[in-house]
Amino acid sequence: MSRPPNRPAVPPASPAPRPPASAAPVTVRPGWAPALVTVVGAMAAMGVVAALGLWAAGAADLPDDAFWRVVAATMVTAVGGSMELSGDAGALARTHAGVTVLPLSVTLTGALLVGAGFLWPCRHRAVAGAGQLARWAARIAVLWLAALVALAFAARQTFAVDLGDGVLGAIGELFGARPRVGFTTDVPLTAGFGLLWLLGVLAIALLVARGAPLPARLRRPQASARPVAYAMVVLLLAYVAVGLVVALVTAATRGHPAQTFALILLGLPNLTWLALTIGLGATWNGRVDGPFGLPAPHLLDEVLRTPDVSTLNLRTLAEHDHRVWWLVTVDAVLLLAAAFLAATRSPARLRLWEHAVRMAAALVLTVLLICLTGRISAHYGLSLLGIGDVGGGLSGELLLRPRLWSALGLAALWGLATGLLGALPARLVPRRHRGTGRT
């Protein structure tokens, strides 16, 4: 029997290696439904926060059922919308008013939910081109503008002001001066600033998110900026968290819970981020006059309630309460922690001075943002026969503005120092992907 010829052994074919799941090019194609959920969820949360804060501040007692229109106006101003105050008191009387203030608790609520909703469809490290991201952002922008314009038209109200039974009331009856005051919104400006606010939130979300689906040409700049940008976002949220704990303890131990909760729900970041800049050594100028004003700690009211514009800094606050010097310690600890966090997420090849420069640049931009959003200018009054403002609840002034350039210079110095010191211990921490910069 013949034997079959010898054939070389052929090894079995091995299956082709599969790419890891994290590298799979999953296309981002969110439709209108996720965009609608994002916008409606953010607007609803902002409305709840604004309504509860205004209710705690006593706005539920406004005449002519104006409460819900004030809630709409608060939401509009929270995203940079333009609100105008006006009045009409007859032929011989005039009203004058103006307000510029951002209720940053409402702003922060909307920013966190919009950013989370924007990133949610991209959570599986999807790969997206610039066109895909632009279309996804455009869907959110269209619905956001529609909701914002609807709020702007709803945020309009006019109601009468009672002059009382005294001399002013008699003069008003004699000359037919029946004051009516109200507020309205500039719809085009509101739409424009609201769109800019939205684009800023989406850009920050893409900048700080781990594994954001950016086009290839944007990945390297994002990898360089993300560690310090993420550290600054954590820093701002940490200040809000510390302020929340202090406010809750104050409400539990010193009373006035309604005023404290109004502060938490309307302007907690306004105060905590102001404290951040003051701890750096920055100076603000301000004034409080009359009964008009936002809920604020008694210490600020003492410093700002003066005949002229007051100076608000560590020295003037310490004249009333020496405990404010602890703001310097809190700033130092949290900034060092932020610098350490940024350094541990940065490429290992970066030198110490590069960490310091990046930290300084990020802190300067953060303080600039605080100074721009923390400004307050509010005045409301009624003049009758040109004599002056009517007293009582019909007049008031609240002013707060930073000395910008000195604040930015101090932020640069603090950023350089804490960036250098925070990066030193970070070198001892083992990190994955040290040479690639992937974090």
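Reply: Buried means under 20% relative accessible area, exposed means over 50%, and partly exposed lies in between (1.4 Å probe, protein chains only). The model is predicted: local features need pLDDT of at least 70, side-chain atom pairs count only at pLDDT 80 or more, and totals for chains, interfaces and linings use all residues. Residues are numbered from 1 along each chain as its sequence is written, and side-chain values use heavy atoms, with hydrogens and water left out.

Me: What makes the pair of Phe-67 and Trp-68 edge-to-face?

Reply: Rings of Phe, Tyr and Trp (its six-membered ring) pair if their centres lie within 6.5 Å; planes under 30 degrees apart count as stacked, over 60 as edge-to-face and the rest as tilted. This rule gives 3 aromatic pairs. For Phe-67 and Trp-68 the centres are 5.0 Å apart and the planes are at 75°, so the pair is edge-to-face. Phe-67 is buried at 13%, whereas Trp-68 is exposed at 62%.

Me: Why do the rings of Phe-118 and Trp-136 count as stacked?

Reply: Their centres are 6.2 Å apart and their planes are at 10°, so the pair is stacked. Phe-118 belongs to helix α3 (residues 104-119) and Trp-136 to helix α4 (residues 130-154), so the pair ties together parts 18 residues apart in sequence.

Me: How do you know whether Phe-118 is buried or exposed?

Reply: The relative accessible area of Phe-118 is 1%, so this residue is buried. Trp-136, at 0%, is likewise buried.

Key: Helix = DSSP H or I, 4+ residues; strand = E, 2+ residues; numbered from the N terminus.
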